[in-house]
Amino acid sequence: MKTRGKTSSLSRGQVGALVLACLLVVSLSGCRMPSYSSAEDTSAGTLTTQTTTASSSTRPNTLLTPIKDIGAGDVNQIVTITGQIDRIDRHSGGNAILQVKDDTGSFSVFLEKSSGFDLLRFTVGMTLQATGQVQTYQSLLELVPESDQDLVLTGDDRFETVQVTRVSDGDTIIVRGTDGKDRKIRILGVDTPEMPLDGKPAEYYAIEARTFTENSLMNRTVFLERDNSDTDDYGRQLRYVWLDKPDAIAGETVSSFNFSSILIQGGYATAYRSGDDDKYRSLFLAYEEEARNARTGMWQSP
């Protein structure tokens, strides 16, 4: 037994243990350390919630937090949630808010433009795992991720596969889903000239737009993508139509496979915003300007 004032030599193994302990303390001092809530079940070794202090950009191991369990006591803590994207609000300044729902509730995920988030990859209906700091804005709680890497999409539920059975006009089609039922689709993001209606003659380039859509889509398998809205006032489903499912959504794939962009680039349609369904609006407006300048399609003199 060691007494005060006496020294004793340490074995090589004891020295190694001390060095390892010191290194461990030093390494941990620069990392975000988890601070678990009282919901920890120590007997089973499981955790129902996860919070950590926001002192570093290093993420801890992911432990999911039910949305209903996030409260005012979690402000400035790091949590991870998972759920379905229920709505996407895109602000003119480039920021966005994703509304994420799980079985217990709904929570806002704020994406700041300066953090470099790729908004094109998010679609209503997809499953998202988000990690970020809990903050408050106008007395409401929201999750604020640091970067795009804190947002993980799981599952391939972005598109619905259907077959086109009829074309009504340049921007309206009838499709048949896997349930065998037909339904009318109003193609999002575009407006084509009107066909004859109620005794009124067809607008300039309406016949050409309808013919192009019919030649491009009739009896073809296409892929539908939803934005915020499901249907319009006429009961038509509102969807983007894709000729193929892209591996990743970017400017190049939108230009090549999104049928709205193809209509606009060919001069068959104008870029049209329907409510808050504006995912590709900036791209569509750029395509329209190019078509106008090149006097393509309907931009020729009638």
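**Loop and segment residues**

I began with asparagine 76, which I found in the loop between strand S1 (52–53) and strand S2 (77–90). A reminder to myself: this is a predicted model. Asparagine 76 is not a glycine, yet I read a positive phi of about 75 degrees for it.

I then checked its distance to isoleucine 81, 16 residues apart from it along the chain. The C-alpha atoms of threonine 65 and isoleucine 81 are separated by 5.3 Å.

Then I turned to arginine 295, in the segment after helix H5 (281–294). Arginine 295 is a residue other than glycine with a positive phi, near 55 degrees.

**The barrel**

Which strands make up the closed barrel? I traced five of them, in the order S8-S9-S10-S13-S12, and the pairing is mixed. Neighbouring strands of this sheet are turned by 60 degrees against each other on average, with direction ignored.

I looked at one pair in detail. Strand S8 (residues 160–169) runs antiparallel to strand S12 (residues 221–225), and four bridges join the two. For threonine 161 I looked up the bridge partner in S12 and found phenylalanine 223.

Helix H2 (residues 206–217) packs on the sheet, where I saw it touching S8, strand S9 (172–176) and S12. The direction of H2 makes about 150 degrees with that of S8.

**The cavity**

The largest cavity holds about 50 Å³ of space.

I listed the residues that line the largest cavity: Gly189, Tyr240, Ala271, Tyr272, Arg273, Asp277, Asp278, Lys279, Tyr280, Arg281 and Phe284. Sorted by class, this lining has five nonpolar, five charged and one polar residue. Gly189 is among the lining residues, and I filed glycine under polar because Gly is counted that way here.

How values were computed. Residues are numbered from 1 along each chain as its sequence is written. This is a predicted model: local features need pLDDT of at least 70, side-chain atom pairs count only at pLDDT 80 or more; totals for chains, interfaces and linings use all residues. Side-chain values use heavy atoms; hydrogens and water are left out. Two strands pair if DSSP finds at least two bridges between them. Axes are lines fitted to C-alpha atoms, for helices over the stretch in contact, and angles run from 0 to 180 degrees between N-to-C directions. Contact means heavy atoms within 4.5 Å. On a 1 Å grid over the protein atoms alone, a cavity is a set of points where a 1.4 Å probe fits but cannot get out, and a pocket is an open set with protein on both sides within 12 Å along at least five of seven lines; lining residues have an atom within 4 Å of a point. Grid points are joined across faces, edges and corners, and a volume is the space filled by probe spheres set on the points.
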